[in-house]
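Subject: Structure for your review

Dear colleague,

Please find the structure below, together with its sequence. I would be grateful if you would read the notes that follow with the model open beside them.

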Amino acid sequence: MQAIILAAGMGRRLKDLTKENTKCMVKVNDKTLIQRMLGQIDAKGFSRVVIVVGYEGEKLKEYISSLDVSTPIVFVENPVYDKTNNIYSLYLARDYLQEEDTVLFESDLIFEDSVLDSLLDDPNKNLVLVDKYESWMSGTCVKLSEESEILSYISGTNFDFHEIDKYYKTVNIYKFNKDFSSKYYVPFLEAYLDALGNNEYYEQVLKVITMLDGKSLKAKKLDNQKWYEIDDIQDLNIAESIFAEEPHERVNLINSRYGGYWRYPKLLDFCYLVNPYYPPKMLREELRASFDTLLTEYPSGMYVNSLLAGNIFSVKEENIVVGNGAAELIKSLMERLKGKVGFIRPTFEEYPNRYDASNSVNYFPENPDYSYTAQDIMEFFNGQDVDSLLIVNPDNPSGNYIPKPDLLKLIAWSKEKNIKIIIDESFVDFADEEDSSLIDQELLDENKHLYVMKSISKSYGVPGLRLGILASGDKDMIQWMKKDVSIWNINSFAEFFMQIEEKYKGDYEAGLVKLREERKRFETELNKLDDFRVIPSQANYVMVEVEKGSSEELQKELLVNYDILIKDLSPKLGGCSNYIRLAIRKREENDLLLNALKKLSSR
């Protein structure tokens with residue numbers, strides 16, 4: 001068995017990284033793609049490696065000669081690499097194809113060893129390696145029969161997004177025996193080149209062969225093995241996190257992305273906090289039906305969007321401002337505050353991070369649950385001479401909850417003390433208490449020192465829309481913030497969501513009921529596990545103390561061994577703490593985490 005690697009391309013989309021190097025000389029975690037691939041081939045005892053070179057070919061050959069590779073290497077030159085595509089590079093290696101059974105590789109791939117093992121161990125002689133299509137993938141796709149026979153190749157022009165659940169993406173690693181290459185592939189390759197020229201893709205030839213003889217070539221499905229194709233800078237960034245050798249490095253790289261985890265389709269995210277039971281299918285379909293209009297039309301300005309938000313929460317337009325996520329409004333509000341600001345720690349760090357630490361007064365609850373009451377807050381801040389007070393209710397990460405009657409006492413106390421009070425109720429809809437929101441026109445009118453923040457992204461499960469609101473009786477502050485943010489600070493999709501949301505209020509309430517039920521079950525199951533102490537929560541997450549081992553190590557273990565991402569709270573709570581935060585997801589996903597924790601706990 002020999003290997004053929006196609007490495008003639010210029011890799012223009014990697015820009016500066018391929019200005020003076022070939023694409024396969026780009027490094028992922030300090031090791032070049034070609035170094036890694038040749039090492040994997042070398043370990044499998046291939047008879048030789050045939051590498052088709054072109055762009056910066058001499059530099060690539062010189063570099064490969066410096067590597068510790070024992071397998072014989074043969075180079076084939078593509079002198080017109082800048083005018084041809086990979087069909088011509090493969091054509092130049094046609095004689096080698098017919099001499100031995102071959103595994104064909106594209107040089108811009110990174111994959112774990114088991115990917116190659118799955119191809120070599122399969123008894124079928126001619127295989128196309130494929131993986132279930134995911135939204136980050138581009139290039140050739142196929143549809144398969146139940147027996148993994150290739151029914152059709154799906155090119156870009158024929159791609160149907162309504163059919164993606166039936167598609168498999170070619171990994172660009174193939175296995176051909178020499179008889180297949182001699183009788184089918186090379187003759188068809190030559191005929192295709194004669195007919196259509198050399199600026200095509202070799203997959204087109206496989207498509208033709210499949211149409212004429214669907215039995216000669218089968219697909220080999222990957223089973224959760226890791227691989228990535230490096231086409232641009234973002235691909236490189238993601239590949240570095242997927243293939244980081246040290247667990248802590250992988251955790252840090254993934255955490256540093258602050259989202260975008262749809263590019264990690266196998267990752268189960270228990271870190272970021274959304275509503276798993278909303279929006280309903282019908283609302284999603286309504287958004288899809290208006291996609292073309294929303295994509296190509298400008299959104300309304302701040303006045304109209306404030307009217308929409310005011311309608312949702314039953315307050316006047318002049319009392320509410322809409323943000324590109326609550327984060328935009330937090331930044332604007334915190335920059336407007338003066339004097340000393342009181343914080344209860346730990347909390348959502350976006351607030352204290354947006355304010356001068358020297359003018360921050362922090363209250364740390366002195367108990368292992370990080371719990372506190374309205375009375376605790378009043379007693380602590382009575383003598384602190386603060387100008388503003390920030391409360392997240394339920395708090396993040398503890399899930400601590402102050403009932404509405406007690407909050408009203410706190411609001412009255414802060415009014416008497418002439419203290420502005422900011423209450424973030426992004427998670428309050430998940431609480432068991434009914435009618436727990438403070439967004440009420442009469443309450444705002446009576447308490448102009450009260451500012452109520454809410455992340456619609458979190459409560460309504462639409463973080464991709466980036467929606468948040470701030471409601472207050474302080475019309476001057478609201479007016480100032482409307483001028484502070486951009487007039488088009490939210491997009492048309494977010495505006496349309498606010499426009500249609502009222503039709504789905506029943507679905508929202510039903511989703512909240514499901515969340516509360518699942519939270520109760522999840523907490524009950526967590527409490528059955530050894531080595532974990534669960535802190536009761538009223539939010540869509542739960543804080544857990546790790547009583548054996550460390551929270552940092554648990555985060556690494558879950559990510560590396562189970563592709564589950566959790567929040568390690570030790571950086572937030574201090575190095576000696578040992579807490580994690582777990583988002584509440586749907587039952588089947590929560591059970592995956594519970595099973596993983598059981599296995600780790602029993603070791």
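This is a predicted model: local features need pLDDT of at least 70, side-chain atom pairs count only at pLDDT 80 or more; totals for chains, interfaces and linings use all residues.

Salt bridges

In total, the structure contains 37 salt bridges. One of them pairs Arg533 with Asp369, and their closest N and O atoms lie 2.6 Å apart. This pair connects distant parts of the chain, since the two residues are 164 residues apart. Arg533 belongs to strand E22 (residues 532–535), whereas Asp369 sits in the loop between strand E17 (360–363) and helix H15 (374–381). Arg533 is partly exposed, at 22% relative accessibility, and Asp369 is also partly exposed, with a relative accessible area of 25%.

A further salt bridge joins Lys556 to Glu552, at 3.8 Å from N to O. Both residues lie in helix H22 (residues 551–562), and because they are 4 residues apart, about one helical turn separates them. Are the two partners buried or partly exposed? Lys556 counts as buried, because its relative accessibility of 14% falls under the 20% limit. Glu552, by contrast, is partly exposed, with a relative accessible area of 40%.

Lys528 is exposed, at a relative accessible area of 56%.

Helix packing

Two packed helices are described by the angle between their axes and the distance between the axes. For helix H8 (residues 233–242) and helix H9 (residues 247–255), the angle is about 145 degrees and the axes are 8 Å apart. Helix H8 contributes Glu240, Ser241 and Ile242 to the contact, and helix H9 contributes Arg250, Leu253 and Ile254. Sorted by class, the contact of H8 with H9 comprises 3 nonpolar, 1 polar and 2 charged residues.

Surface patch

Which residues make the nonpolar surface patch of about 410 Å²? The patch is formed by Tyr298, Ile487 and Trp488. Tyr298 is located in the loop between helix H11 (291–296) and helix H12 (302–313). With a relative accessible area of 68%, Tyr298 is exposed, because this value is over the 50% limit.

Yours sincerely

Methods. Residues are numbered from 1 along each chain as its sequence is written. Side-chain values use heavy atoms; hydrogens and water are left out. Axes are lines fitted to C-alpha atoms, for helices over the stretch in contact, and angles run from 0 to 180 degrees between N-to-C directions. Contact means heavy atoms within 4.5 Å. Ala, Val, Leu, Ile, Met, Phe, Trp, Tyr, Cys and Pro count as nonpolar, Asp, Glu, Lys and Arg as charged, and the others, Gly among them, as polar. Patches are made of residues with over 30% relative accessible area and no salt bridge: like charges are joined within 9 Å, nonpolar side chains (Val, Leu, Ile, Met, Phe, Trp, Tyr) within 5 Å. Accessible areas come from the Shrake-Rupley method with a 1.4 Å probe; for residues, only the protein chains shown count as cover. A salt bridge is a side-chain nitrogen of Lys or Arg within 4 Å of a carboxyl oxygen of Asp or Glu. Buried means under 20% relative accessible area, exposed over 50%, partly exposed in between (1.4 Å probe, protein chains only).
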